[in-house]
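Reader: Could we go through some of the labels attached to this structure, setting each value against its definition?

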Amino acid sequence: MIENYLEKIKQRLKVVVLHAVIYTRYSSDNQRSESIDAQIRLIRKWAQEHNIVIDKIYADEAQSAKRDDRQQFQQMIADSKKQKGWQLVLVHKLDRFARNRMDSVAYRVELRKNKKYLISTTEQFDDTPESCLLEGIIESMAEFYSKNLARETMKGLTENALKAKHCGGTPPLGYELDALNFYKINEFEAQGVKLIYQWFLEGKSYTDIIAGINSLGYRTKRKRMFTRNSLYEILRNEKYTGTFVYNKMESRDEFTGARSRHKYKPESEIIKVENMIPEIISKEDWNNVQIILNSRKNAHTNRAKEEYLLSGKVQCGECGGSYVGKRTTNSRGNVYLSYICCRKRNSNYKCKNHCVNRDWLEEYVLKIVDNYISHLSHKQQHCIYKLCLERVENSHQSEIEVLKKEVRNIDKELFRIADVITIASSSTLIEKLTSLEQQKAEIQLQIENLAKEKRKSLSEQEIGLFLINFRKMLKERSASYLKELVYLIVNKIIVNQENVIVYLNVPNVKVNK
């Protein structure tokens, strides 16, 4: 049966001798690297019996087939597009390739598009309907095995967690494992953890704590210098109170295999066992730290974002750097808003130019704009209106480019789904295909409408009304309108040691202060 299938492949690809690559993997600590050697040996033996030449071996160590981010696997898929010398991918069993039917079908399609064929040397199938059915059953069984194994493994880990036994990964700083995988205190590291909590409760900043803890020779579990992220994780870790915490992080995404370290499961699913591991930080101190961290988080969330009307327009006359918004608070809680040269704190430049009060600079520039609009010549009125039209047209063009990119992405998705349907058609895929086609038609209609909008000429009276509206916007000081006005009329603002120069977009206009 398999011999006939190999002959068919030769005829289709018009080759005399078939060349192949081997893909192998072992998935966990329950298997060893020798597992890969055994797979390769058996595949080589099978290939020799069928006169197939092995060109290359791709091997992933300690990788699960449930995830498709296996480095060697992805390299093999990429090589299949570029390399013409081989025709087959040989695996020991289909579950070495994938234990998820969706991934299996998608990557088979990818290989077939590149004129490559997947063959299991122990489960030998051809392209007959019977083989396709049996192959699908085996893949479903492999997926069932994978999910059932994960469920059984979770049961065992849950039992370990209830006993406060380590369930995998690296222990937190301050702890190490004994011979039975229970937590015990690492005295040197624990002293560093205590210092971090002590300094934080004393009101020291992250910057000061990081500098202090690094200078004393303490390092993270990965032997790296401390950063804000590593400090934050330590301050949020409840294990330091003697409470064993497990199953807190959200599970990996079913389709991408990705996991966010900042998303947590509901409290009802998290396992917490108090007073089961040695305590490094008292519950009182830990709770006080959480109150401070939460108050900062809420304050940051509720604080309105400061508006800087001149963003992107202010430049330093000393070093050429950009001026950016800066918000500072003094010891009495008074807030000071200003523009500051971005290179002022850069050790390579150390710009000595001064900060400029935000309200003063913005009011000064708006007065110039207001005065300029009130005394426009006939020629300058047309120039301003032309700038407005160009701004609108540029906005339309940018929007068209974004929509075209969406169409290209939809085309890629349509092409992928169409390929999958040829192998495994389903009502869900067909519905998805129809929905994407409809989305594409709607976006193309938007592109057509935007492309039809052209410049129109206005009468002198209409231009006059247009400028009156400009002055009204300036008077009302509406932030959204003002920023647009500044963008249109102001070219750049140069801050020097002795003055501020405002350049307008209309030729030969600049104002000194």
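Author: K56, D79 and K82 are linked in a network of salt bridges, a salt bridge being a side-chain nitrogen of Lys or Arg within 4 Å of a carboxyl oxygen of Asp or Glu. This is a predicted model, in which local features need pLDDT of at least 70 and side-chain atom pairs count only at pLDDT 80 or more, while totals for chains, interfaces and linings use all residues. Residues are numbered from 1 along each chain as its sequence is written, and side-chain values use heavy atoms, with hydrogens and water left out.

Reader: What makes the contact of E7 and K10 a salt bridge?

Author: The N to O distance between the side chains of E7 and K10 is 3.4 Å, which is within the cut-off of 4 Å, and therefore the pair qualifies.

Reader: Why is K10 called buried, and E7 partly exposed?

Author: Buried means under 20% relative accessible area, exposed over 50%, and partly exposed in between, with a 1.4 Å probe and protein chains only. K10 has 18% relative accessibility and therefore counts as buried, whereas E7, at 39%, counts as partly exposed.

Reader: How do you know that K221 and E189 meet in a salt bridge?

Author: Their side chains are 3.0 Å apart, N to O, which is within the limit, so the pair is counted. K221 lies in the loop between α7 (206-215) and α8 (228-236) and E189 in helix α6 (residues 187-201), so the pair ties together parts that are 32 residues apart in sequence; helices here are DSSP runs (H or I, at least four residues), numbered from the N terminus.

Technical notes
Helices (H or I, at least four residues) and strands (E, at least two) are DSSP runs, numbered from the N terminus.
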